[in-house]
Amino acid sequence: MNAPVRMPKLIKGATGDWEVVIGMEVHAQVSSNAKLFSGASTEFGGDPNDHVSLVDAAMPGMLPVINEECVRQAVRTGLGLKAQINLRSVFDRKNYFYPDLPQGYQISQFKDPIVGEGVLTIDLENGAQVAVGIERLHLEQDAGKLLHDQHPAMSFVDLNRSGVALMEIVSKPDLRSSEEAKAYVTKLRSILRYLGTCDGDMEKGSLRADVNVSVRRPGEGLGTRCEIKNVNSIRFIGQAIEYEARRQIGVIEDGGVIDQETRLFDPGKGETRSMRSKEEAHDYRYFPDPDLLPLEFDQPFVDGLAAHLPELPDEKKARFINALGLPAYDAGLLVADKDTADYFEAALNVGGAKRDAKAVANWIMGDISAYANSVGKAVSQTFITPEQVAGIVDLIGEGVISGKIAKDVLAIMTEEQGGDPRAIVEARGMKQVTDTGAIEKAVDEIIAANPDKVAQAQAKPTLAGWFVGQVMKATGGKANPQAVNDLVKARLGL
Amino acid sequence: MSDLTDLTLAEARDGLRAKQFSAVELTSAHVQAVEQARALNAYVLETPEKALAMAAASDVRIAAGEAGPLEGLPLGVKDLFCTEGVRTTACSRILGEFIPGYESTVTARLWADGAVMLGKLSNDEFAMGSSNETSCFGPVTSPWRRDGSDAAIVPGGSSGGSSAAVAAKLCLAATATDTGGSIRQPAAYTGTVGVKPTYGRCSRWGIIAYASSLDQAGPIARTVQDAAIMLKSMAGLDLKDTTSFDALVPDFEAAVKRGVKGLTIGIPKEYRAPGMSAEIDALWERGAQWLRDAGANVVEVSLPHTQYALAAYYIIAPAEASSNLARYDGVRYGARVEGRDIASMYENTRAAGFGREVKRRIMTGTYVLSAGYYDAYYVRAQKVRALIKRDFDAAFANGVDAILTPTTPSAAFGLGEKIEADPVEMYLSDIFTVTVNLAGLPGISVPAGLDGQGLPLGLQLIGKPFDEETLFAAGQVIEQAAGRFAPAASWWR
């Protein structure tokens, strides 16, 4: 079998096919207790201006001091992206005026970022893999927030977010469709969560994306790009790209040219609109922040962090395939969310038993996931524990219950929000009947009562299933289906 | 008791220890002197109640045998240092009546050592100026006058309030800051001693920033010994300032008496600036001779990139300032002038809040950092800066222990004489001092004589990084040889 390949996704225009080229700049809030350059809390929520230090408010004479945990988190993330870690990096000031930016400049990294080139592999629907280049990762401060709805004539400023550490992760323009872009952000978020360097919560703004989109004729050089700012859900990223690519194609096909500009995505209308043109772009007057020395650390510092890096999704997936024998599709599904992967492994290993990985995976990806979806939770957040999953799988494996009964056991556990599967089966008499005497009796009774059906089945053997169903009904579903099947066939002489 | 203000800081300290007078008596004498000297306009805020309360607390500690190194000694504080609960403005309208809720590290260390605060001293707005004429509280007048003239003379700048107050005995010593010469030039103009320590020696935390990579706090005092005592209390590592240095703070006072026997003193040939007066040249030679007489070996050194220093300084300092002063936007504190929208509020606030010289430097700095000019100006200036540093490194590597130069090319000028002229005229008064800031080195200005019109002149000594001790030792030799200088009469009372 040939490995699946990345299929070119072209957009049909009025004058021919177009290819879309996408690069992403993802802003990921660093998971840390304190801000990048101050001791103030990074906790989400709280009353406006609850988490503001003198530094965050840019009081006169205040100085930034680097939070080393944020540095460690950036290095961990760089390692997770298999990227170059720069032992020396420089913080620069990006100067512009806005009320949510108390200093009048954002401390960022411009020329010398803490992390250089890396790579992130995405899995496409058809099973193909694409290696997306990472251009760089740098640390920078978040801005505050303006509140426009508190007063009829004034805007208020909330500086709780001011100074919170962000990692800006910039990809190369390696993505070729909205699906790939969505897969990229999904995978990046997964890696960040595995690493524990960003919670990836897009609703809280912990992860935002600026999407750079351009179009070109297949095989030609890069077109002029537009940057869509601050898109805050994966679904919107897809919509924004689809809209923007078609807009650009329309402009070019109508004889126009694309102006390099910054655009905003309006989720309500599903369209992008111009925010500012290149001419209106700020001159940020970047220069090295003289309040901060260059950020320097040594290789042993990096090695120490690398030694304690958790297993990441790609490695975990490979292990699930190679060591546990799971199909690639199942492995990919399970590792996408770290908690689900952990849940799977916990269920697999309860009591140190060696369970059938595929059986455990099927339950988690099937009935447990369906239940989790129905209550709007992640698998790991439901009332069903890995121990219960293991219990069900064991009962089926031991032939104590059938797969069908197992679904009933699960339903009881979800209803009662707990319970040991073995105890439930015991207490409710759900054990499957393997006593052939009892099954024989039921089979004989049904054959005796339905001579016409017997004749039909003997003429057309597939109709024997009707007898099996009747026996199962008569035994309350507890009869071992295989045993029933065998007996019915024997009695009918099939 | 008015003669208590005649004491040096060291004498006052020893007198308090010997219980010859109380801290309250010492402070009262200074409070009275401050009140009588309002004509000089050195203090922009007097804090007599606070001073007397601090002095009373000092007397309790002295009685209990718990006196700190500066116990009961009344000092003035440049208005660039944030003082908790005491208005701090950097002498700019844009800060309005700003009262910090925090104390700068340097002043906190002074108070922890027992010092008493008399009030806040004027400076050029945001420390931008060389004459203290850009303060929003109006110019400071030097206690010095030319012989036979009552024309007002500038006290230098930007620490002109500090230099005038120390020279007029309105405090035993004062804090100051130096970005391109703002401690040493006013010290030279007022016959006082000014020390710009090595960059990183004193914490910048809580000091209103002008140009972060150049700003450094230091003392202005009436003697080398007093300056040494002050610096000991002001200096030290501060984890709140990443650029502060983890260097041992030595007993600077002990170094004062070391002498210069066996030391090598360099004379940079490039400092013979064109148009330098014969008077300054003679003073310089006299200083070299005093050091020779005390046993030092005086040699010529070359600092070939000196000629580019002023240009580099006036790119780097305004560049940093343009960014440092962006926070004064009327949004969170200080003055605000409303506008029809946020942009016009910014414009109105900053137009009304900043003075002319500050605006000039913000515009210069914005220009040199802007796209297309950054490499030609800022990057080039940083290269010059590296070369200047290398010049000094080479001189010190060749065995030079300290470098002797004039502090300024001339004595103090008259009030209003230069402020209306070409700003570069004013900038030239820092020509001998800016290199030291660009190289991050320590420098001291020591009074060395009077010019033909009776105005004080200073000599500057430049040291190796974190070797302020040699500067105190050599400075003391000059002070002993030259004698001390004070204004002839207390005309301002």
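I began with two helices of chain A and looked up which residues meet: A:Arg72, A:Val75, A:Arg76 and A:Leu79 of H1(A) are in contact with A:Val302, A:Leu305 and A:Ala306 of H4(A). I note here that the model is predicted. Sorted by class, the residues of this contact are five nonpolar, no polar and two charged.

Next I looked up how the two helices are placed. I keep in mind that a packed pair is described by the angle between the axes and the distance between them. Helix H1 of chain A covers residues 68-80, and helix H4 of chain A covers residues 299-307. Their axes are 10 Å apart and the packing angle is about 65 degrees. I therefore wrote down H1(A) as roughly perpendicular to H4(A). I also looked up the hand of the crossing of H1(A) and H4(A), and it is right-handed.

I then turned to the contact between the chains. How many residues does each chain give to the contact? Chain B gives 33 residues and chain A gives 24 residues. On the side of chain B that touches chain A, helix H10 (309-324), helix H11 (342-353) and helix H12 (356-369) of chain B each supply at least two residues. The largest share of that side comes from H10(B), with three residues. By class, I listed 17 nonpolar, nine polar and seven charged residues on the side of chain B that touches chain A.

I took B:Lys78 and found it in strand E2 of chain B, residues 74-78.

B:Ser182 sits in the loop between strand E4 (173-178) and helix H6 (184-190) of chain B. There are 37 C-beta neighbours inside 10 Å, so B:Ser182 counts as buried. Not counting residues up to four places away in sequence, B:Ser182 touches B:Ala127, B:Gly157, B:Ser158, B:Ser159, B:Ala176 and B:Thr177.

Definitions and conventions: Residues are numbered from 1 along each chain as its sequence is written. Chains are lettered from A and ligands numbered from 1 in the order in which they are written. This is a predicted model: local features need pLDDT of at least 70, side-chain atom pairs count only at pLDDT 80 or more; totals for chains, interfaces and linings use all residues. Helices (H or I, at least four residues) and strands (E, at least two) are DSSP runs, numbered from the N terminus. A residue is buried if 20 or more other C-beta atoms lie within 10 Å of its own, exposed if 12 or fewer, and partly exposed in between; C-beta atoms are placed from the backbone. Two residues are in contact if their C-beta atoms, placed from the backbone, lie within 7 Å. Ala, Val, Leu, Ile, Met, Phe, Trp, Tyr, Cys and Pro count as nonpolar, Asp, Glu, Lys and Arg as charged, and the others, Gly among them, as polar. Axes are lines fitted to C-alpha atoms, for helices over the stretch in contact, and angles run from 0 to 180 degrees between N-to-C directions. Angles under 35 degrees count as roughly parallel, over 145 as roughly antiparallel, 65 to 115 as roughly perpendicular and the rest as oblique. A crossing is left-handed if the near helix is turned anticlockwise from the far one by less than a right angle, and right-handed if clockwise.
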